[in-house]
Structures are given as C-alpha cells and as structure tokens.
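User: I'm new to this one. Can you walk me through how it is put together?

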Amino acid sequence: MSAQTLQAAQASLAAEHAAVYGYGVLGGRLDEDRRAEATAAFNAHRARRDALVRTVRGLGGEPVAADSAYALPFAVPDAAAAVKLAALLEDRIAGVYSDLVRASGGPLRREAANALREAAVRAVRWRGSGVAFPGLAERSADGTTGTDRPTGTDATAGTPAKAGAAPTH
C-alpha cells in the first residue's frame with residue numbers, strides 16, 4: 001500500500017477519534033428515543049476506530065492518538081443542536097472515508113466504502129434528508145468543494161482543543 005493509503009487511513013482514524021468524542025458530548029442532550037440511536041452510532045464509531053488502529057499498524061504506521069478534547073463546531077446546549085451535530089459528524093466521517101476509498105484497494109477499499117455508506121445512512125437518519133453524493137463535498141448542493149472539507153483530527157468534531165492542524169487537501 002502507498003503512503004497515500006496510510007495517510008487516508010490515519011485521517012479516518014483521527015476522524016473516528018473525534019466522532020467518538022462528539023457522540024459522547026451529544027448523547028447526554030438527546031431525549032430517550034434518540035439516545036439509543038446515538039449509543040448505537042457511538043459503538044459503531046468505536047468499533048471502526050479500533051479496526052482502523054489495526055489497519056494503520058498493518059500498513060506499517062503508528063496509529064494517531066486521540067486528542068484529550070475537541071472544540072465542537074458550534075455550541076450543543078439542547079437536543080436540536082445535538083441532532084445537528086450528529087448529522088455533521090456523519091457527513092464529515094463520510095468525507096474522510098471517501099478519501100480512503102480513493103486511496104486504497106481490495107478489502108480496505110470495501111471496508112472504507114461500507115463505512116462511508118453507514119455514515120451516509122446515519123446522517124440521513126439524523127438530518128431527515130440525504131445528499132446527492134455522500135462523502136463528496138465537491139459534489140454537494142451547498143456549493144462546498146473538496147478543499148472545504150476538513151480532514152484529520154478536525155474532521156468530525158471540529159478542531160482539537162489544543163489547536164488543530166489545517167485541512168490537508
């Protein structure tokens with residue numbers, strides 16, 4: 001596998017770390033009905049994170065560690081904001097997995113495509129509507145481009161509290 005594959009796997013891992021953090025924040029602000037959905041998403045992201053740790057090691061890399069805290073992209077004082085954050089988390093996760101799909105092949109590509117699909121489905125459930133090309137910001141209806149999509153540690157929950165890195169592409 002190439003250095004590009006390792007970099008995309010590391011970015012996906014960093015995004016999963018951030019998603020786990022984000023779901024930890026938003027879960028307590030949801031009503032009982034949506035809390036079960038958030039718990040399932042939290043557990044799915046933890047499982048993907050753990051699998052990516054093994055993947056990065058298998059590619060010869062040292063897995064990126066989670067930050068101790070992340071700056072959220074907006075305040076999450078209530079259930080409505082928590083639902084909005086959950087949809088954003090899933091949109092951003094789909095973005096980094098689309099990068100991993102492009103950078104990899106074989107079983108890793110299939111896993112990345114499955115993760116992208118799962119994130120897109122969760123985003124639809126949270127938002128109540130879908131987007132034409134999940135994970136491809138350059139094709140989104142809101143006019144953002146692929147260069148607008150953050151990657152790495154700021155890919156899902158915002159920037160790390162300790163001042164995050166700039167987007168890589």
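Analyst: One term to begin with: a crossing is left-handed if the near helix is turned anticlockwise from the far one by less than a right angle, and right-handed if clockwise. By that rule, H2 and H3 cross in a left-handed way. Helices (H or I, at least four residues) and strands (E, at least two) are DSSP runs, numbered from the N terminus. This is a predicted model, where local features need pLDDT of at least 70, side-chain atom pairs count only at pLDDT 80 or more, and totals for chains, interfaces and linings use all residues. Residues are numbered from 1 along each chain as its sequence is written, and side-chain values use heavy atoms, with hydrogens and water left out.

User: How many helices and strands are in the chain?

Analyst: The chain has four helices and zero strands. In sequence order the pattern reads α-α-α-α.

User: Back to H2 and H3. At what angle do they pack?

Analyst: About 25 degrees, and their axes are 12 Å apart. Axes are lines fitted to C-alpha atoms, for helices over the stretch in contact, and angles run from 0 to 180 degrees between N-to-C directions. That makes H2 roughly parallel to H3; angles under 35 degrees count as roughly parallel, over 145 as roughly antiparallel, 65 to 115 as roughly perpendicular and the rest as oblique.

User: Which residues make that contact?

Analyst: H2 supplies Arg34, Ala41, His45, Arg48 and Leu52, and H3 supplies Val83, Glu90, Ile93, Tyr97 and Leu100. Contact means heavy atoms within 4.5 Å.

User: And H3 with H4, how far apart are their axes?

Analyst: Their axes are 8 Å apart, and helix H3 (residues 79-103) packs on helix H4 (residues 106-127) at an angle of about 160 degrees. H3 and H4 are therefore roughly antiparallel. The crossing of H3 past H4 is left-handed. In class terms, their contact has 16 nonpolar, one polar and five charged residues. Ala, Val, Leu, Ile, Met, Phe, Trp, Tyr, Cys and Pro count as nonpolar, Asp, Glu, Lys and Arg as charged, and the others, Gly among them, as polar.

User: What about H2 and H4, at what angle do they pack?

Analyst: The angle is about 160 degrees, with axes 12 Å apart. H2 and H4 are therefore roughly antiparallel. Their contact has six nonpolar, three polar and seven charged residues.

User: Switching topic. Which residues have the most contacts inside the largest nonpolar core?

Analyst: They are Leu13, Leu52, Ile93, Tyr97, Leu100 and Ala112, in a core of 20 residues. A nonpolar core is a set of buried Ala, Val, Leu, Ile, Met, Phe, Trp, Tyr and Cys residues joined through side-chain atoms within 4.5 Å. Helix H1 (3-27), helix H2 (32-58), H3 and H4 each give two or more residues to this core. H3 gives the most, with seven residues. A second, separate core has 14 residues, including Ala41, Val76, Leu85 and Trp126.

User: What does Ala112 contact?

Analyst: Apart from neighbours within four places in sequence, Ala112 is in contact with Tyr97, Leu100 and Val101.

User: How much of the chain is buried?

Analyst: Buried residues are 45% of the 169 residues. Buried means under 20% relative accessible area, exposed over 50%, partly exposed in between (1.4 Å probe, protein chains only).

User: Last one: is Gly24 buried or exposed?

Analyst: Gly24 is exposed, at a relative accessible area of 51%. Gly24 sits in helix H1. Its C-alpha atom is 7.4 Å from that of Phe42, 18 residues apart along the chain.
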